[in-house]
Amino acid sequence: METLHTSSAEVADVFALFGKKYKREHKLPLQQSRAMFAIEHCRTSVLGGHVDSCDHCGHKRISYNSCRNRHCPKCQGLSRIKWVDKLSSSLLPVRYFHIVFTIPSELNRLTLVNQKCLYDILFKAASQCLLLLAKDSKYLHADTGLVALLHTWGQNLMEHPHLHTIVPAGGWNETAQYWKASRKTFFIPVKVISAVFRGKFLSLLKQAYCRGELKFAGEVKPLEQKKNFKQLLDALYSKPWVVYAKKPFRNTDHIVSYLGRYSHRVAIGNNRILGIEGDQVLFKWKDYKDQSKQKIMKLDATEFIRRFLLHILPPGFCKIRYFGIFACRSRKTVLTKCRKALGYSFRKSRFAGLSWGESLKLVSGIDVSLCPVCKKGTMILMAAFKSYRGPPHSAKCTAVL
């Protein structure tokens, strides 16, 4: 079996070497099969491409298309930068808190069978919890908001559903028509958040069960019986849930920069893969249970693929959501009032209306239309490769000029 060294091993290589065997042995949902194909063939002739030629020196350049799949380790860079810029243009110039909501491990298998339903419940429970408590006169007594990002994995690629949320240090008091700033520490005790979050989540979960919206298969099949499901709920009600509040960020730039690390992250980046030895994949991981030490994990390729596919989201599922004053319906009303009260004018995103090439030039300073050889000519599109699902060498080139 081929061995790849550190500098060349990628998720795409694992799929190329072991993907066909894995697909023969496992029946995959359509979204997982599509993600595997896209990641394996990203930036190859299989997905098509184009040939450019310099109108000054005649230099030719072949470029292959990116897959643009949101689970691809190669395709998130520009999307992340554009999202960060758009978010920073809409946030208020105040301090922010980073709150992480995690569901108990007893729910992990049920979540895998009911990804869309349980992830939706996670978003609803966390947002309703924070917005409800913020309105309470004991805490903030104002309308606040949050931006929430879903992550489904841990460092070892196993299932670990949790939400990263940012919450402003204050809120809008509609009665007095002013921005009410909170104290320096988070304005709601973490134990209170944990208890309310647990109650909201389990109430929504019970409603989904009663409406017949949950599926039960494999290990969670026994939960289909009402008695077993009630036992699970009782056990979950009796234990504390993990809610982690980090120290507040000093300003908007810091929180946006920090959140940008999470926004378009996939289960594992290519930079963490150390190599492929025989039929095993080696990758770096951080063991949080052992003082966050950096370690090396070695997995069979089939197990690596299985774990990676656990985190392919359902089709059309939105993993970044906005609530409260940051929700779409509030941006032209409540958020506008907050900006005026804080003396902050809206800043338009610098990527608004730009094409992909123009956005890339703005970020990297590289003009893809300029000839990289003579630095004088313009690269003109001469031909295009059509997307071809057969062997890469079979892709045909079609002249367009």
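A pocket, in the sense used here, is an open set of grid points with protein on both sides within 12 Å along at least five of seven lines. Keep that picture in mind as we walk through this structure, which is a predicted model.

The chain has a mean pLDDT of 88, and 94% of its residues reach 70 or more. Where pLDDT is low, the predicted coordinates should not be read in detail.

Now for the open spaces. The largest pocket holds about 1600 Å³ of space. It is lined by 47 residues, and Trp153, Gly154, Gln155, His160 and Tyr288 are the closest to its centre. Several elements give two or more residues each to this lining: helix 3, strand 3 (96–102), strand 4, strand 5 (159–168), helix 8 (252–263) and strand 10 (280–287). By type, the lining residues of the largest pocket divide into 16 nonpolar, 19 polar and 12 charged.

The second largest pocket holds about 520 Å³. Its lining has 18 residues, with Gln32, Arg109, Leu112, Val113 and Leu310 nearest the centre. Helix 2, helix 4 (108–113) and helix 9 (301–309) each give two or more residues to this lining, and helix 4 gives the most, with three. Here the residues divide into nine nonpolar, five polar and four charged.

Rolling a probe the size of a water molecule over the atoms shows where empty space is left. How many cavities of 30 Å³ or more does a search of the whole structure find? The search finds one. About 100 Å³ of space lies in the largest cavity, and 14 residues line it. Nearest its centre are His71, Trp153, His311, Leu313 and Lys319. Strand 4 (residues 145–153) supplies the largest share of the cavity lining, four residues. The cavity lining divides into seven nonpolar, four polar and three charged residues.

Next, look at the cysteines. How many disulfides does the structure hold? The number is zero. Cys57 is in no disulfide, and the nearest cysteine sulfur, that of Cys54, is 3.7 Å away.

Finally, turn to the backbone. Most residues other than glycine have a negative phi, and most peptide bonds are trans. Arg43 has a positive phi of about 60 degrees although it is not a glycine. You will find Arg43 in the loop between helix 2 (30–40) and strand 1 (49–54), where it is partly exposed with a relative accessible area of 42%. Arg68 also has a positive phi, near 60 degrees. Arg68 sits in the loop between strand 2 (60–64) and helix 3 (77–90). Is Arg68 buried or exposed? At 55% relative accessibility, Arg68 counts as exposed.

Technical notes. Residues are numbered from 1 along each chain as its sequence is written. This is a predicted model: local features need pLDDT of at least 70, side-chain atom pairs count only at pLDDT 80 or more; totals for chains, interfaces and linings use all residues. Side-chain values use heavy atoms; hydrogens and water are left out. A disulfide is a pair of cysteine sulfur atoms within 2.5 Å. pLDDT is the predictor's confidence in each residue, from 0 to 100. On a 1 Å grid over the protein atoms alone, a cavity is a set of points where a 1.4 Å probe fits but cannot get out, and a pocket is an open set with protein on both sides within 12 Å along at least five of seven lines; lining residues have an atom within 4 Å of a point. Grid points are joined across faces, edges and corners, and a volume is the space filled by probe spheres set on the points. Ala, Val, Leu, Ile, Met, Phe, Trp, Tyr, Cys and Pro count as nonpolar, Asp, Glu, Lys and Arg as charged, and the others, Gly among them, as polar. Buried means under 20% relative accessible area, exposed over 50%, partly exposed in between (1.4 Å probe, protein chains only).
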